[in-house]
Amino acid sequence: MQIHFFAAARAAAGVAETQCQISQLPEPTLAALLDYLGQTLTGTTPSGQRLADILPQCSYLLDGQASPADASLEGVQRLDVLPPFAGG
């Protein structure tokens, strides 16, 4: 599965995108993937926030559809991690 990070999540992850095999997770859910990402990508933003701190504030798109943390990853090709954005 391709994982794409945006804004503060990108800064904390240290990469714009990465990949993960669902078989690496204890269960095929978005929550398990987020826990895995928070533990394995341990960089910080310039202000010192870790990805694990940012992920609970984010919205998630699985193959372009907004999804809750308990969503299944079966058949999913792409995850977009979207932190809150400011603007007008």
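User: In this predicted model, which residue of strand 2 does H4 stand opposite?

Analyst: The model is predicted. Strand 1 covers residues 2–5 and pairs with strand 2 in the antiparallel sense over three bridges. Within this pairing, I3 stands opposite T18. The residue of strand 2 that stands opposite H4 is E17.

User: Which residue of strand 5 stands opposite I3?

Analyst: Strand 1 also pairs with strand 5, residues 78–82, in the parallel sense over four bridges. Across this pairing, the residue opposite I3 is L79.

User: In what order do the five strands lie in the sheet?

Analyst: Strand 1 pairs with strand 2 and also with strand 5. The edge strands, each pairing on one side only, are strand 2 (17–19) and strand 4 (65–66). The sheet is open and its pairing is mixed; the order of its strands is 2-1-5-3-4.

User: Which element gives the largest share of the largest nonpolar core?

Analyst: The largest nonpolar core has 25 residues, and I3, F5, L33, L51, L79 and V81 have the most contacts inside it. Among the elements that give two or more residues to this core are strand 1, strand 5, helix 1 (7–13) and helix 2 (30–40). With five residues, the largest share comes from helix 2.

Conventions
Residues are numbered from 1 along each chain as its sequence is written. This is a predicted model: local features need pLDDT of at least 70, side-chain atom pairs count only at pLDDT 80 or more; totals for chains, interfaces and linings use all residues. Side-chain values use heavy atoms; hydrogens and water are left out. Two strands pair if DSSP finds at least two bridges between them. A nonpolar core is a set of buried Ala, Val, Leu, Ile, Met, Phe, Trp, Tyr and Cys residues joined through side-chain atoms within 4.5 Å. Buried means under 20% relative accessible area, exposed over 50%, partly exposed in between (1.4 Å probe, protein chains only).
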